[in-house]
Amino acid sequence: QVQLVESGGGLVQAGGSLRLSCAASGSIFSGNVMAWYRQAPGNQRDLVAAITSGGSTNYADSVKGRFTISRDNAKNTVYLQMNSLKPEDTAVYYCNFAWRTYSYWGQGTQVTVSS
């Protein structure tokens with residue numbers, strides 16, 4: 001069982017920045033993947049960025065060059081630095097933890113980018 005708590009969401013103007021954090025607790029094992037997904041009203045939940053325990057990363061094309069995912073394994077925390085934010089980035093951002101066949105989700109944090 002893994003619990004995930006997101007923080008750092010809020011309201012920003014286009015071009016601004018936000019830093020999201022997700023702290024994991026519970027049965028944290030090595031060889032896991034932590035990721036950020038987002039979902040806007042009426043839309044599907046899409047992968048934004050993912051990072052392995054070893055530091056390998058993957059980004060959605062829409063955020064490449066603007067967002068950076070990182071993690072602190074000692075703190076079991078994953079971060080998403082979001083720069084040059086656009087109104088299209090407005091969504092609820094969810095943290096995900098995956099290990100073997102297990103997958104866990106946080107409650108989400110709202111990010112709103114005004115124009």
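Strands count as paired here when DSSP finds at least two bridges between them. Keep that in mind for the close-ups below, which come from a predicted model.

**View 1. Strand E9 and its partner E11, with Tyr93 opposite Thr109.** E9 (91–99) and E11 (109–114) run antiparallel, with 3 bridges joining them. One spot to look for is Tyr93, which stands opposite Thr109 in E11. As a reminder for reading any such view, side chains in a regular strand alternate between the two faces of the sheet.

**View 2. E9 again, this time alongside E4 and E10.** E4 (33–39) pairs with E9 in the antiparallel sense, over 7 bridges. Pick out Ala35 and you'll find Asn96 as its bridge partner in E9. E10 (102–105) is also antiparallel to E9, and 4 bridges join the two. There, Phe97 has Tyr104 in E10 as its bridge partner. The hairpin of E9 and E10 has 2 residues between the strands, and Arg100 takes a positive phi near 55° in that hairpin.

**View 3. Arg38, Asp89 and Arg66 in a salt-bridge network.** Opposite charges on side chains can pair when the charged atoms come close. A search of the whole structure turns up 3 salt bridges. Arg38 makes one of them with Asp89, and the closest N and O atoms are 2.9 Å apart. This pair links distant parts of the chain: Arg38 sits in strand E4 and Asp89 in the loop between E8 (77–82) and E9, 51 residues apart. Asp89 also forms a salt bridge with Arg66, the closest N and O atoms being 2.8 Å apart. Arg66 belongs to the loop between E6 (57–59) and E7 (67–72), so its pairing with Asp89 ties together parts that are 23 residues apart in sequence. Is Asp89 buried or exposed? Its relative accessibility is 1%, under the 20% cut-off, so Asp89 counts as buried. Arg66, at 12% relative accessible area, is buried too, and so is Arg38.

**View 4. Lys64 and Asp61 in a salt bridge.** The side chains of Lys64 and Asp61 meet at 3.0 Å, N to O. Lys64 counts as partly exposed because its relative accessibility is 48%, which falls between the 20% and 50% cut-offs. Asp61 has 64% relative accessibility and counts as exposed.

**View 5. Asn32, a buried loop residue.** Asn32 is found in the loop between E3 (18–26) and E4. With a relative accessible area of 3%, Asn32 is buried.

**View 6. Gln107, an exposed loop residue.** Gln107 lies in the loop between E10 and E11. Its relative accessible area is 72%, over the 50% cut-off, so Gln107 counts as exposed. Which residues does Gln107 contact, leaving aside neighbours within four places in sequence? They are Leu4, Glu6 and Tyr94. For a sense of scale, the C-alpha atoms of Gln107 and Asp46 are separated by 15 Å, and the two residues are 61 residues apart along the chain.

Note on methods: Residues are numbered from 1 along each chain as its sequence is written. This is a predicted model: local features need pLDDT of at least 70, side-chain atom pairs count only at pLDDT 80 or more; totals for chains, interfaces and linings use all residues. Side-chain values use heavy atoms; hydrogens and water are left out. Buried means under 20% relative accessible area, exposed over 50%, partly exposed in between (1.4 Å probe, protein chains only). Contact means heavy atoms within 4.5 Å. A salt bridge is a side-chain nitrogen of Lys or Arg within 4 Å of a carboxyl oxygen of Asp or Glu.
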